[in-house]
Amino acid sequence: MAPDLGSKSDLTVVFQPVQDAPRATSADDGPTPSWLGGGDISGSGALLEARAVTVEYPGVRALDRVTIAFRAGEIHAVVGENGAGKSTLMKVLSGSVRPTIGEVLLAGRSTDFGQPADALRAGIAMVHQELNLVPTLDVAENVTLGCEPRRAFGLAVDRAAQRRRAGELLALLGSDLDLSREAGQLSVAEAQFVEIAKCLASEARVVIFDEPTAVLGEQEASRLLARMRALRDEGRAVVFISHHLEEVVAVADRVSVLRDGALVQEYVRADGLLRDSAGVAVDEHSLAGAMVGRALGSIYPEKGAARDGVAALRLRGFGALGRSSGIDLEVRRGEIVGLAGLVGAGRTETAEAIVGLRASTGAVELDGGVRAFSGVKDAMRAGVVYVSEDRKGRGLHVTLSSIANMTLPSLDRHARLGGARIDESGERAVARRWIDAFAIRCARPSAPISSLSGGNQQKFALARWLETQPRVLIIDEPTRGVDVGAKAEIYRIIADLAVKGLACVVISSELPELIGLSHRVLVMREGRLVGEVDREGLAAANCEERIVRMASGLSEMKERTA
Amino acid sequence: MTTRKPGDAFSIQRFLERWGVVVAFVLLFAASCWNQGFDFLNAENIRALLNSNAPVGILAVGMTLVIISAGIDLSVGSMVVLSAAVGLTAVNWLIGKEWSEASAVWIGVGTTLLVGLAAGSLNGALVVVGRIAPFIATLGGLAAYRSMALAIAEAGEIRSQSDTIFRRFGREGIPLAWEVPGVEGAESTFRGLLNSGGKPLTLPYSIIVFFFVAIVAQWFLSRSRFGRHLIAVGANETAARYAGISVEWVRFRVYAVMGLLAGLAGFLQASRMNSVSTSGLGVAAELDAIAAVVIGGTSLRGGFGRVWGTVLGVLILGMITNMLTISGVSPYWQGAVKGAVIVLAVLVQRGSRA
């Protein structure tokens, strides 16, 4: 069976109004639409299937023998915490990552997608979390990118038909975007709609939505969910990744829960409700529980006492322009404040705004005085430093030596003769001191830092800022891409710094880490602070669930229904 | 700053990536000796080789710094002619105003350097403040600065009115004494060995300036704060900004320095000719400079480079021209050979960097 999805007749189905689309509530009881290529796909039930897929990165097993089947005419949600393996699984399915072990089957046949374009040709389209629009093309051109309607024997793009088709697709999503606007001018939510319309324009049999509603408002999101149902009813397999668990419960026919790279639970909708294998109905709160379900290890050091007195750093109505706003936060000396939230909640942007890497609104107070930092160096001189989450792209210069990386922010101190000479022996001594202090495994400090493991790189990334003797440390994803052993060491380092009086803000998507390390955890959602869990709350058994609910907006819903 | 990873086994590929330019230089030098016999080793010949390549060498040194910052400067040839034209016009004007020749020349020298600095600063401002891609901003300079020079002289030649002083810098040098105390006739023996034809041997100012510029640039690149910042900005601009480096200030300065060096090269050229041909001076100099940088092993992607490699690159290009000319190859074909060498250099050095 070789479904020919490239012919014109397949395309037309997509553009029919939703009501006229072939109805099939599930692949088993509905006729398989002819444009799917017919055949046996409904027999096995699985259109796209991952079998015993394992993906290993150096030091990390991102996916652990995951077997999961996506059926035509079904919305299949995959949920899990950040780092649970959802993104890796989607990358495997859409061809950008090859599994270490295991295989991916499309309509029962083994596939080997070398690159995303292969998967797309085979009929698997993905709406990415990161937007992939061509900023210089207009909306209509972006929507029909790669499948432009042609005229004049295929030599010219039929602009009229292109605009018509783009307009129809966007109308299906309930959007009335100006088709002639450049994609680069769109807001994130508008761009997301174009991205989705682009996906609909392709004749994909499997459509993967990766966090499609993260940047959408409530109304836009509900229109999108309606469109997802329509796609399902056309007989496609719809894969839905979302942190918004209430949406998952509302829309999904099947839910798979990933935790630490393994599939831990599957729920199927029966009689209108999601049920586990025993037939017990579940709601979003039990989903959150299944996602978390993990005991905290003993890799976290004991928490020291936060000192009283004036806040070392205080934000008042602060925000990163366009990304967050109205944030009131204070960190005292010796205190570790955790900042939780979903990806895109605005945590990193807020931190970057504090040290002057982004435009900001509101006020920053340092030891009681109002400050506005013009840049990293300005903030550093005042004693506020930020360790980036993106170690390879922003936090370090991977091609430069460990020493050069180590002393880059504090280079002025090694400058002699007005900067004409750097005291290199002084630099070496500083690097040696931190190598000893943090037990960094670094045989040749003059070799490129990329030769070190993630954990040792991270220790340098932290040490280079501690060398500037800060009073406030903002550290973003301190253990991303770091093995467990080094994680424990980094936690110990942060805890020790706090004991010595440093005020610390830890941003992390790993809740156990935040809970194990912080005195208090603040939760951000959609650019705002939405909750706080204090020290007692962090000790409680349900705190991880509480944070997940706050971060995904569930607690508000609960209050509304109560 | 090396990009070799520790513990890597020796490989020819890696060796050539790093030392290819030295190998090429030694091979070419040997080939020239074999080809031209001791005529090539003639001190006069080597002096001429260095002397004629000094101006483009100075440009190439500046270009090395620009390229390390992940930029490019296409306007160097036009900055050379503009600064030289304005400088020499100033000299002539002052002499016409009955100023003493010496003061006119010194003011002219200062004017030449200042015009270069101003043109380079404008490039830098366009790149940094105007946020225009360096390629485009300096492409504009390439056209505009040349056109300004042409306008000054109506596309003709500006002849120096300074009869003695101005021409000295490009033509004269420090006399080299080969006298060995207590040994009668040592000087003539050395001259005989070096085959300088009995003329007094001098070390031209151009060569001194070229090597001085190269040594200072190499020092600043590898030992100074500015060099460290330059490499950091070129390797990863975002990471540099996150480390608290003022990326804009670093980039502005490197273009300004490039302009200053172009002014210096323009002055040496004008002095050597004792005139400025506004339609001929510095034409395609940017290509020679970029070629020397690439041959020298500096990464066009920025973040890695070495001035000494560029100096060897300049000499390699000079030796090739020299050899081809002596072998009677038509100057029209010399460009093709140079082009092949440049491509070959990139192929050999293409690895982790180029």
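1. Two residues are in contact if their C-beta atoms, placed from the backbone, lie within 7 Å.

2. The model is predicted: local features need pLDDT of at least 70, side-chain atom pairs count only at pLDDT 80 or more, and totals for chains, interfaces and linings use all residues. Residues are numbered from 1 along each chain as its sequence is written, while chains are lettered from A and ligands numbered from 1 in the order in which they are written.

3. On confidence, the model has an ipTM of 0.85 and a pTM of 0.72. The average pLDDT of chain B is 87, and 89% of its residues score at least 70.

4. Chain B contains 15 helices and four strands; helices (H or I, at least four residues) and strands (E, at least two) are DSSP runs, numbered from the N terminus. Chain B has 354 residues, of which 48% count as buried. A residue is buried if 20 or more other C-beta atoms lie within 10 Å of its own, exposed if 12 or fewer, and partly exposed in between, with C-beta atoms placed from the backbone. Of the contacts in chain B between residues at least 6 apart in sequence, 80% join residues at least 24 apart.

5. Helix 3 (residues 43–68) and helix 13 (residues 285–295) of chain B have axes that come within 8 Å and cross at roughly 65°. Axes are lines fitted to C-alpha atoms, for helices over the stretch in contact, and angles run from 0 to 180 degrees between N-to-C directions. Residues making this contact include B:Val56, B:Leu59 and B:Met63 of helix 3 and B:Ala289, B:Ile290 and B:Val293 of helix 13. By class, the contact has ten nonpolar, one polar and one charged residues. Ala, Val, Leu, Ile, Met, Phe, Trp, Tyr, Cys and Pro count as nonpolar, Asp, Glu, Lys and Arg as charged, and the others, Gly among them, as polar.

6. B:Thr89 lies in helix 4 (residues 76–96) of chain B. B:Thr89 is partly exposed because 17 other C-beta atoms lie within 10 Å. Leaving out residues up to four places away in sequence, B:Thr89 touches B:Ile152 and B:Ile158.

7. Between the chains, 28 residues of chain A and 21 residues of chain B make the contact. The side of chain A that touches chain B has 15 nonpolar, nine polar and four charged residues.

Key. pLDDT = per-residue confidence, 0-100.
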